[in-house]
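Let's take a friendly walk through this structure, one region at a time. Have the viewer open and follow along.

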Amino acid sequence: MADEYGLDFSAMGSRCEVRVWAPDAAVARTWADAAIAEVRRIEAKYSRYRNDSITARINAAAGGAHVAVDAETAALLDFAERLFEESAGLFDLTSGVLRRAWDFTAHRIPTQDELDALLPLVGWPMVEWQPPALRLPYAQMELDFGGIGKEYAADRAAELLRKAGAQHGFVNLGGDIRAIGLAPDGAPWRIGIQHPRNAGELLASIELAAGAIASSGDYERYFECDGRRYCHILDPRTGWPAQHWQCVSVAAPACLAAGACATVAMLAPRDEAVAFLRRQGVEFLAVTAGGEVVRH
């Protein structure tokens, strides 16, 4: 007989939760502690804010020698390369340099000249990726795993829980969720989707029989100026924020795939975004900039 246990924590700038059905509190705590440790390991390894991360090591070598990476990092780089190709360049690990021009705290809009100065540093095809070594050819180029790190951590933490013996539960990292099995009653999990304009209100729900769900939206970090909303999701081709959608939520077998698909769709016009998501074979719920709900 298993009971429900939950543990809240903070990681990757988000409110997070591990929830499992376990034989007792001690077992649940052991499982949850291992899952949380895995999230923190990934956060430390790929953080752009830590000098000892693999991200910092790669970026510090920009314009210089190749940097050898481990198998885990190589797998993430391979995933990023495939997604760059499938998204026609909308998903690009080198686009993090654009944040130098944007200040969402000060609500400052950069000039086109500022963006034009950074855009030559953006472009995955410039990256010399020859496993197991990688080179950024120009000084000041950067890789930023922020667009996939949280989702990857959710997958890894959930897999640790499953291997430890958890049959029902989920890992929720700031709204990016990876489920473990079905709900205890055998039904799919019912995941509420936040309304992109009404805080605290649910827009709809998605049933999740297995796998994960991740969301991307213009309501997470943004400011408004002269009636226009500027969000933190930046188009690597132009340097300007996404403007076609209020939010996109995607259900997929893995949180890494769900999150990447949601981000790509946020940056694409309606028809292109829907076509991309359908090619990926994922379920999605999205709201256009004008407030129309699109679901598949």
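Helices here are DSSP runs of H or I with at least four residues, numbered from the N terminus. Keep in mind that the model is predicted. Just after helix H7, Gly 281 takes a positive phi of about 70 degrees.

Now step back into H7 itself, which covers residues 270-280. Its buried residues are Ala 273, Val 274, Phe 276 and Leu 277. Viewed down the helix axis, these buried residues fall within an arc of 160 degrees, so they line one face of H7. On the other side of the helix, Asp 271, Glu 272 and Arg 279 are exposed. What do the buried residues of H7 pack against? Their partners are helices H3 (71-86) and H6 (255-267), together with strands S13, S14 (283-288) and S15 (293-295).

Strand S13, one of those partners, spans residues 245-252 and contains Ser 249. Ser 249 is buried, with a relative accessible area of 1%. Its side chain makes a polar contact with the side chain of Ser 215 at 2.6 Å. Beyond its neighbours within four places in sequence, Ser 249 is in contact with residues including Ile 193, Ala 214 and Phe 284.

Finally, turn to an open sheet of three strands, ordered S3-S5-S4 with antiparallel pairing. Strands S3 (67-68) and S4 (128-130) stand at the edges with a single partner strand each, so one side of each has no neighbour in the sheet. Three bridges join S4 to S5 (residues 133-135), and Glu 128 stands opposite Arg 135 in S5.

Methods:
Residues numbered from 1 in each chain as written. Predicted model: local features only at pLDDT ≥ 70, side-chain atom pairs only at ≥ 80, totals over all residues. Heavy atoms only, no water. Helix = DSSP H or I, 4+ residues; strand = E, 2+ residues; numbered from the N terminus. Buried < 20%, exposed > 50% of the residue type's maximum accessible area, 1.4 Å probe, protein only. Polar contact = N/O pair within 3.5 Å; in protein donor to acceptor, adjacent residues only side chain to side chain. Contact = heavy atoms within 4.5 Å. Arc of directions from axis to C-beta. Pairing = 2+ DSSP bridges.
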